[in-house]
Structures are given as structure tokens and as C-alpha cells.
Amino acid sequence: MEGEAPEALILAEGLYATTDAKTAHGLVRKSLKYRIVGVIDSKLAGMDAGEVLDGVRRGIKIYASLEEALREHPSVKYLIVGVATTGGRLPPGYREIVREALRRGISVVSGLHEFLSDDPELAAIAKETGAEIVDVRKIYYHTRIHYTGRIREVKALKAVVVGTDSAVGKRTTALMLTDELNARGVKAVFVGTGQTAWMQGAKYVFVLDSVVNDFVPGVLEDTVWRAYVEEKPKVIVVPGQGSPLHPVFPGSFEILNLLKPEVTLLQHAPA
């Protein structure tokens, strides 16, 4: 039916039960842009993706292979790379699965730093079959918006979720907080700052670590300001990136510095 989200499979081979599959985890929990019908991970084949994730059955089956998944879901339009590995490169063994999807005319969505659309072989197959390669980070790679100071016009309460490490669930917590506030009659808007939020269908979103650093304040300001002006919420909830304690991924500093949030939530994974 027109307007329905297209069916998608998530590729998380060998990694679904690890924090490297945080993109897959986010999509299993919530996705407005795609209708997730299965996850590919031969190590967990036959299990329910929700039960593996957090004990909540979601009717999303884990399959041993792309071929097996397509036998039950022949109308799949997208294969989503559901992992965010260190260095942002496609894991060994994934390339052949991506190649096969493109051969079948299935479009591929990736949030990795390695741009699959720049790969000559994969791009040629996609062109031949009419499939699309969507590199989410590439969407924002050349975004150039300067800081203006109009963030001071935003009168909504700003809440930022930061963590003591990367991959501790900042985005998930931010989404849950936004949903709960709205359920209690407090209008809240979620502003995404990473590739998974884009895949989940966030209305207000950019990928912080794909924007040239000089323009991060301007892009963040613009995204939050638009959310405030267009939605007129009481609360704006923003997940951080990386961790203020992480020497390699300190992206939350930029968010805290620009937004100067009235509320900061610190998330920590129990030992």
C-alpha cells in the first residue's frame, strides 16, 4: 500500500549479540522508515531478534542467510548493514552478502564510514540491477551550515543524554524518554545525532561525526532550532555521541557546549 514503510532485512552476521550491532538493536526496537522483517546472523538463526536483545518478543525472526530470509520475505526492498564496527569498515564476509543483495535488485543502506557507493564493483552491480546504495553518512558529508546564535531563541527545556562509554544506549534512552514524556502529555521532540536515528526515521536528525568539525555547531543549532520552531515542544531530547570520557569519541562535548542543556542525563552500563 502507498505510504507503507518498505520491508527491510538487517545484516548483523555473527555480531547481533554484541554491542557492535547497536544499529540493528535500534532498528529492532523502533523503525518508522523501514518495516524490519528479519535479521541475518547464522549464529542465532531461528530465534526472535527481540527476545535475544532484551527479552521482549517482537516477531522479527533471525535467519541463517539472505537466501533463507528472502524465501519467507520475497518483497524485501532493503538490506541494512546493522553493525557499527570500530573504524567503520564493512566486516569480513559481509561483502558477499551485500553483493548478492544488489544482484537481486535489493537496495543496501549503510551507516559505516566506509562508503559502499564508492566501491566500483558494488556501484556497477547496483547500476545494472537498479538497486540503490545509501551511505547515510554521505548524506551529511558536505553539509555546510554556520552557527548563528539563534539557539538562544529555543525556549524549550533541552535534555541531553550522555554516557560513560560509547554504545551504552544513549539514543535508546533518549527515544524512550521522548515517548514517555509524550505519553504523559508533555510534548517532546527527539533530535537524532547519528546514523541509526536516520534509519529509524527521526524527523530531525543529522550525523554528527560525518560533518566537518567547523560546521557541527551550525548544523546542530539549525536542527534543534527547526525542531523547536516547527513542533513547538516543551522538551527537546538529544542523545550524545561517544562519551565525554572517551579519548577517541568525545562528540558529546560539542552537543553539551552548544545546547547548554537544562537537564543532562548520564548513562552507565553496570559492571
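Tutor: Before we start, a salt bridge here is a side-chain nitrogen of Lys or Arg within 4 Å of a carboxyl oxygen of Asp or Glu. Keep in mind that this is a predicted model.

Student: Good to know! So which residue does D209 form a salt bridge with?

Tutor: D209 pairs with R137, and their closest N and O atoms are 2.9 Å apart.

Student: And how is the protein divided into domains?

Tutor: Domain 1 covers 7–137 and domain 2 covers 150–267. Their C-alpha centres lie 26 Å apart. The contact draws on 20 residues from domain 1 and 14 residues from domain 2.

Student: How much area is buried between domain 1 and domain 2?

Tutor: About 1,500 Å², with carbon and sulfur atoms giving 60% of that. On the domain 1 side, K30, V136 and R137 supply 36% of the area buried against domain 2, more than any other three residues.

Student: How many salt bridges does the rule find across that interface?

Tutor: Two. There are also nine residue pairs in polar contact between the domains.

Student: Which element gives the most to the side of domain 1 that touches domain 2?

Tutor: That is α1, with five residues. By class, this side of domain 1 has eight nonpolar, seven polar and five charged residues.

Student: Switching topic: where is L116, and is L116 buried or exposed?

Tutor: L116 sits in the loop between β5 (107–110) and α5 (120–129). L116 counts as buried because its relative accessibility is 2%, and the cut-off for buried is under 20%.

Student: What does L116 touch?

Tutor: Leaving out residues up to four places away in sequence, its contacts are V81, L90, V98, V108, S110, L122, I133 and D135. The C-alpha atoms of L116 and V98 are separated by 9.4 Å, with the two residues 18 apart along the chain.

Notes. Residues are numbered from 1 along each chain as its sequence is written. This is a predicted model: local features need pLDDT of at least 70, side-chain atom pairs count only at pLDDT 80 or more; totals for chains, interfaces and linings use all residues. Side-chain values use heavy atoms; hydrogens and water are left out. Helices (H or I, at least four residues) and strands (E, at least two) are DSSP runs, numbered from the N terminus. Buried means under 20% relative accessible area, exposed over 50%, partly exposed in between (1.4 Å probe, protein chains only). Contact means heavy atoms within 4.5 Å. Domain bounds come from an automatic or database domain assignment. Buried area is the accessible area (1.4 Å probe) that two parts lose on being put together, summed over both. A polar contact is a pair of N or O atoms within 3.5 Å; within protein, one must be able to donate a hydrogen and the other to accept it, and residues adjacent in sequence count only if both atoms are side-chain atoms. Ala, Val, Leu, Ile, Met, Phe, Trp, Tyr, Cys and Pro count as nonpolar, Asp, Glu, Lys and Arg as charged, and the others, Gly among them, as polar.
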